[in-house]
Amino acid sequence: MNGVPALALADITCRFAARDGRSDAYTAVANATLEVAKGEFVSVVGPTGCGKSTLLNVAAGLLEPSSGTVEVFGERLLSTEGVNRRAGYMFQADALMPWRSGIDNVIAGLEFRGMARAEALVQGEAWLRRVGLAGFGDRYPHQMSGGMRKRLALAQTLILSPDILLMDEPFSALDVQTRQLMENELLALWAEDRKSVLFITHDLEEAIALSDRVVVLSAGPATRPIGDFRVDLPRPRDVSEIRMTPAFAKLHREIWGAMREEVLKAYEAQKVL
Amino acid sequence: MRLRILQILVLVLLIAAWYLLTAPGLIPPFYFEQANRAAFFFGEPQKVFWVIVEWFVSGEIFIHLAVTLLETALGFSIGAIFGLGIGLWLALSPTASAVMDPYIKGLNSMPRVVLAPIFAVWFGLGIWSKVALGVTLVFFVVFFNVYQGVREVSPNLIASARMLGASRRQLLRSIYLPAAMSWVFASLHNAVGLAFVGAVVGEYLGSARGVGYLILQAEGTFDINTVFAGILVLTAFALALDSAVGAVERRLMTWQPRAGETEKV
Ligand SMILES: Nc1ncnc2c1ncn2[C@@H]1O[C@H](COP(=O)(O)OP(=O)(O)OP(=O)(O)O)[C@@H](O)[C@H]1O
Ligand SMILES: [Mg+2]
């Protein structure tokens with residue numbers, strides 16, 4: 001992995017103005033620096049509320065940082081030029097269009113790019129098949145299960161073949177079995193053309209099983225990366241099998257050691273509130 | 001089924017009570033001093049029925065129904081289009097909405113039925129003064145729903161569409177408009193009902209055609225049976241209109257979750 005990184009966040013600070021105007025501004029992220037190399041799968045873990053989604057929104061160009069810069073393949077991302085065009089984003093919360101059927105949701109991005117509908121539909125059907133939703137294209141999101149909606153969102157994002165994939169706890173709402181299925185599917189899809197992935201989760205096991213690198217964030221406020229661990233587990237991986245290996249256990253112990261304190265801190269902070 | 005029978009029973013009982021209490025000389029008068037006074041004030045169901053039959057047999061009613069329906073349809077469509085357009089515009093432009101806010105609030109709290117005589121002066125006694133009244137009633141219902149609908153689009157959905165590459169125009173078409181439409185449809189029953197009210201009230205205040213005009217005429221000659229006949233026809237008409245709206249709504253809103261969608265086996 002050489003040359004310019006796919007995504008480089010440098011010295012990012014995000015302060016949110018307080019709504020009531022009386023209390024001080026809240027510094028969610030402070031001086032965070034993070035790089036994702038081309039073709040690298042990086043996971044970010046951290047306690048709840050620490051600023052993971054905030055960081056990802058900055059990378060997507062949806063949120064302008066109070067200070068710091070974002071570079072995408074060596075080019076500055078400027079808020080005046082809109083969002084990060086080379087990235088696809090899978091949101092933490094449901095972001096499907098409820099008034100569009102499954103297939104119409106999948107091809108929305110192609111439609112925005114002006115592709116002819118017939119051609120888009122062919123690609124859309126192919127993607128529905130790849131995420132295991134063949135034949136469900138005419139269902140509306142509310143007629144699908146949570147897992148199906150997640151897969152639909154995955155197809156919606158991947159159909160545009162973005163160079164960078166931003167994923168915000170995409171599987172956290174799923175049961176363990178479905179989740180492992182989807183993790184394996186994601187790895188298989190990723191192995192096909194090795195996009196750069198920035199994957200957010202609060203589940204350390206998921207992070208280790210999927211990634212090349214795990215970045216640990218400190219508890220908020222003023223979150224920043226406090227640990228950066230390389231995961232040298234062999235690929236291709238099966239997420240449920242790899243959890244059984246001693247190398248996995250060793251990594252888990254090591255990273256958890258760094259995280260533990262932060263999780264407790266975050267928990268204490270929230271108890272006070 | 002049992003429900004239907006009970007519903008019909010209630011109707012029969014009501015009509016029977018109406019008949020018993022108004023038929024001259026059937027029961028001794030206990031409130032009015034003359035036997036035919038009750039009939040004078042409240043009409044008699046069998047006579048009301050014959051008035052309605054006569055209307056439909058002679059075909060006299062159709063032109064009036066057609067006019068009222070046309071006024072309702074025009075009032076609704078024009079009001080809905082303006083409400084949608086201005087609602088979208090104000091919801092997407094915070095400055096304009098801040099400037100217009102007090103005026104919108106003022107216009108909305110004004111009892112708009114008082115505008116009817118002014119419209120009669122401006123637009124004459126033809127259908128347009130009734131349409132104008134319907135428009136002012138429908139506009140605000142649709143406007144507020146669209147405004148609300150656009151304001152409450154989930155920021156996530158907008159962010160998602162932007163990440164998928166939507167331009168401002170495409171955002172409007174693919175996100176804001178459908179979101180607003182779902183709120184418009186939620187208020188459709190209300191809006192169509194108001195357009196109908198606008199038409200009838202307008203006719204009642206001065207017109208040459210329409211069901212409201214029939215009622216006005218009958219009232220002028222103290223023909224209470226015809227007044228009641230007009231009211232009954234209007235009610236039936238409003239019910240039919242409402243179920244038509246319901247049918248349209250079900251067709252267009254298939255994407256919305258409804259309670260209890262499982263099929264019975
Ligand atoms: N628009 C905003 N205005 C004010 N505060 C905000 C805003 N967005 C986020 N925050 C605050 O910033 C902090 C980080 O939020 P963020 O959503 O990034 O957390 P997270 O790490 O993604 O949490 P989770 O794991 O629960 O999703 C939180 O304390 C939150 O209250
Ligand atoms: Mg989050």
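A salt bridge here is a side-chain nitrogen of Lys or Arg within 4 Å of a carboxyl oxygen of Asp or Glu. By that rule, the interface of chain B and chain A has zero salt bridges. The model is predicted.

**Interface of chain B and chain A**

- Chain A brings 26 residues to the contact, and chain B brings 20.
- About 2100 Å² is buried between the two chains. Carbon and sulfur atoms give 65% of that area.
- Three residues stand out on chain B: M163(B), L164(B) and W255(B). Together they supply 39% of the area that chain B buries against chain A, more than any other three residues.
- On chain B, two helices each supply at least two residues of the side that touches chain A: α8 (155-163) and α9 (168-186).
- α8(B) gives the most to that side, with seven residues.
- By class, the side of chain B that touches chain A has 11 nonpolar residues, seven polar residues and two charged residues.

**Shell around ligand 1**

- The residues around ligand 1 belong to chain A. Among them are F16(A), Y26(A), A28(A), Q92(A) and E169(A).
- The shell also includes every position from T48(A) to T54(A): T48(A), G49(A), C50(A), G51(A), K52(A), S53(A) and T54(A).
- By class, six residues of the shell are polar, four are nonpolar and two are charged.

**Polar contacts of ligand 1**

- T54(A) places a polar side-chain atom 2.6 Å from an oxygen atom of ligand 1.
- T48(A) has an N or O atom of its side chain 2.7 Å from an oxygen atom of ligand 1.
- C50(A) takes part through its backbone: a polar backbone atom is 3.2 Å from an oxygen atom of ligand 1.

**Burial and elements at ligand 1**

- Taken alone, ligand 1 exposes 640 Å². The protein buries 62% of that area.
- Two elements of chain A give two or more residues to the shell: β2 (26-36) and α1 (52-60).
- α1(A) gives the most, with three residues.

Note on methods
Residues numbered from 1 in each chain as written. Chains lettered and ligands numbered in written order. Predicted model: local features only at pLDDT ≥ 70, side-chain atom pairs only at ≥ 80, totals over all residues. Heavy atoms only, no water. Near = heavy atom within 4 Å. Polar contact = N/O pair within 3.5 Å; in protein donor to acceptor, adjacent residues only side chain to side chain. Areas by Shrake-Rupley, 256 points an atom, 1.4 Å probe, with all protein chains shown as cover. Helix = DSSP H or I, 4+ residues; strand = E, 2+ residues; numbered from the N terminus. Nonpolar A, V, L, I, M, F, W, Y, C, P; charged D, E, K, R; others polar. Contact = heavy atoms within 4.5 Å. Buried area = accessible area lost by both parts, 1.4 Å probe.
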